[in-house]
Amino acid sequence: WRSKLIQELYTVDGRSSIRLCQLAIGEYCSPALCETCNGRESHRVGPLLIVCQDCNGSGKYRKPDHAEYMGCSDAEWRHLENRYSRLLSRLSSWEGMGISMINSIRDEE
């Protein structure tokens, strides 16, 4: 039973759980701004207005291709997506707990 438990902890459908966690943490902690233009959408070079091609001028963060990151097909990703969503939910819960603890410490001061 131990080897089965270890296998479940370290692999997700034959893929590394650590990689899935890295994806979730990276996406959760990333700012909502495009990394290329830093949210500026475009910039001027003389009379030319150059629109950021990575975000198509939205200035918003473009989510990574999860399947590509995990090295699997889109169909395989759909099987992992539920676990990924639970990871994001857990991160949000932990963040909320941390904020509550900080606020309670501030209230005591």
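## Before you start

Residues are numbered from 1 along each chain as its sequence is written, and side-chain values use heavy atoms, with hydrogens and water left out. Because the model is predicted, local features need pLDDT of at least 70 and side-chain atom pairs count only at pLDDT 80 or more, while totals for chains, interfaces and linings use all residues.

## The overall layout

Let's begin with the whole chain. The protein chain has 4 helices and 4 strands; here helices (H or I, at least four residues) and strands (E, at least two) are DSSP runs, numbered from the N terminus. Read from the N terminus on, the order of elements is α-β-β-α-β-β-α-α.

Of the 109 residues in the protein chain, 18% are buried. Buried means under 20% relative accessible area, exposed over 50%, and partly exposed in between (1.4 Å probe, protein chains only). A contact means heavy atoms within 4.5 Å. Among contacts between residues at least 6 apart in sequence, 57% join residues at least 24 apart.

## The nonpolar core

Which residues form the largest nonpolar core? There are 10 of them: Leu20, Leu23, Ala24, Ala67, Met70, Cys72, Trp77, Leu80, Tyr84 and Leu91. Helix H2 (17–29), helix H3 (66–70) and helix H4 (74–108) are the elements that give two or more residues to this core, and H4 gives the most, with 4 residues. A nonpolar core is a set of buried Ala, Val, Leu, Ile, Met, Phe, Trp, Tyr and Cys residues joined through side-chain atoms within 4.5 Å. In soluble globular proteins, nonpolar side chains tend to be buried together.

Leaving out residues up to four places away in sequence, Ala24 touches Tyr84, Leu87, Leu88 and Leu91.

## Helix H4

H4 has 35 residues and spans 50 Å from its first C-alpha to its last, close to the 51 Å expected at 1.5 Å a residue. The expected span is 1.5 Å times one less than the number of residues in the helix. H4 bends by about 45° at Leu80, where the bend is the angle between axes fitted to the seven residues ending there and the seven starting there.

In H4, Trp77, Leu80, Tyr84 and Leu91 are buried. Glu81, also placed in helix H4, counts as partly exposed because its relative accessibility is 36%. Glu81 and His66 are 15 residues apart in sequence, and their C-alpha atoms are 8.9 Å apart in space.

## Aromatic rings

The model has 1 aromatic pair. Trp77 and Tyr84 have ring centres 5.3 Å apart and planes at 65°, so their pair is edge-to-face. Rings of Phe, Tyr and Trp (its six-membered ring) pair if their centres lie within 6.5 Å; planes under 30 degrees apart count as stacked, over 60 as edge-to-face and the rest as tilted. Trp77 is buried because its relative accessibility is 7%, and Tyr84 is buried at 3%.

Another ring has a charge over it: the charged end of Arg19 sits 3.8 Å from the centre of the Tyr69 ring. This term requires NZ of Lys or CZ of Arg within 6 Å of the ring centre and within 35 degrees of the ring normal.

## Two loop residues

Glu41 lies in the loop between H2 and strand S3 (42–45). Phi of Glu41 is near 75°, a positive value in a residue other than glycine, and Glu41 is partly exposed at 38% relative accessibility.

Asn56 lies in the loop between strand S4 (48–51) and H3. Its phi is also positive, near 55°, and Asn56 counts as exposed because its relative accessibility is 67%.
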